[in-house]
Amino acid sequence: MASPASTAAGWLRWLGLFACILLLGACSRAEVFRHEAFVFGTRVDVAVYAADQAAADAAAAAVLREFDRLHRAYHAWEPSELTALNAALARGETATVSDELAAMLKDAQRIAATGDELFDPALGALVALWGFHTDTFVPVRPDPDKLAALLAARPRMSDLVIDGNRVSSRNPAVQLDLGGYAKGYALDRAAAILREQGVTNALINIGGNVLALGRKGDQPWRIGIQHPREPAPLATLPLYDGEAVGTSGDYQRYFMLDGVRHAHLLDPRTGQPARGTQSLTILVTPKGAAGEAVGTLSDAASKPAYLAGDGWREQTRRFGIEHALRVGEDGRVEVTKALRARLQFIGAIEPVVID
């Protein structure tokens, strides 16, 4: 007969084995927990891959609260810190802004300078003239006299004078609209919050601007690149830890007038909706970003490349981006060699590969 001591030891070993089995079972039950909302004028999705649903839900909820804060703080036409700053600039006054907004404006200035000011958040008045400062678009052309006057005034990000928290403008025509910057900034904020909450595997999607953390189990996250003229993906792409994808296209915020598509992506050189490109997608890797915030760069750097038309590749090079894809106005697909190696195209698409 076994001694009491040996029996107790056996029970302890069995309980230890049972605990291990339970832990392994918990790990094997890891799944994707999704939280969705409508912010920044688009659908956002936070997907967390984890075994603990309560922790995943809490982390995603913290991200959505941050998105709501950013949306309210930097809205371009509803009352916000940004509209208060715009009112001060229009009066020729100097305004005191938050540390966050001052840093965002300095960063946006730098990005605008890198891209020949094709990305230009100072053109809020132009966006308003075309009717895009609303959630519903009315197909109408801007008043030609107002448009000509605004083009003559030539508001630019370089007109801003930022001294600590104090912001003024050498040009009263400057009206700020961070619509081409804020979604990328929000991606980086989301990544920081998730990491603070102990989340190591997640995918954040803000209307097609996507940032990945970790993996989805034993596989990388995989996303689709939207076809600009069909309700389906053009291609799929694996995303690895710390990578971000941004797309600028003419297929979401636009209206049709006299059979012509007028998108919200406006060319500061002409004051007209940009022509020549249906969509422009860039992939920013942590290494390729040279220490920059990948989410912010993936959003803002896609704009000058989109607006540059056939000169898109030169613009992506300026930002050190080697992974890019363009769908031209005629539907022709051009892709860099680096990104072609990562993509799986859907259907009979024969892209032109560019170094």
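**View 1. D45 and its partner R34.** With a relative accessibility of 7%, D45 counts as buried. In this predicted model, D45 pairs with R34 in a salt bridge, and their closest N and O atoms sit 2.7 Å apart. D45 belongs to strand β2 (residues 42–50) and R34 to strand β1 (residues 31–39), so the bridge ties together parts eleven residues apart in sequence.

**View 2. E66 meets R189.** Here the two side chains form a salt bridge, 2.9 Å from N to O. It's a link between distant parts of the chain: E66 is in helix α2 and R189 in helix α7 (residues 182–196), 123 residues apart. E66 counts as buried at 9% relative accessibility, while R189, at 24%, counts as partly exposed.

**View 3. A loop-to-loop pair, D250 and R229.** The side chains of D250 and R229 join in a salt bridge at 2.8 Å, N to O. D250 is in the loop between β10 (244–249) and β11 (254–257), and R229 is in the one between β8 (221–226) and β9 (233–239), so the pair ties together parts 21 residues apart in sequence. D250 is buried, at 8% relative accessibility; R229 is partly exposed, at 37%.

**View 4. Helix α3 and its surroundings.** Buried residues of α3 (residues 81–90) are L82, T83, L85, N86, A88 and L89. They pack against α2, β3, α4, β4 and β5. Where α3 starts, a side-chain oxygen of S80 comes within 3.2 Å of the backbone nitrogen of L82. Just past the helix, G92 adopts a positive phi of about 80°.

Terms used:
Residues are numbered from 1 along each chain as its sequence is written. This is a predicted model: local features need pLDDT of at least 70, side-chain atom pairs count only at pLDDT 80 or more; totals for chains, interfaces and linings use all residues. Side-chain values use heavy atoms; hydrogens and water are left out. Buried means under 20% relative accessible area, exposed over 50%, partly exposed in between (1.4 Å probe, protein chains only). Helices (H or I, at least four residues) and strands (E, at least two) are DSSP runs, numbered from the N terminus. Contact means heavy atoms within 4.5 Å. A polar contact is a pair of N or O atoms within 3.5 Å; within protein, one must be able to donate a hydrogen and the other to accept it, and residues adjacent in sequence count only if both atoms are side-chain atoms. A salt bridge is a side-chain nitrogen of Lys or Arg within 4 Å of a carboxyl oxygen of Asp or Glu.
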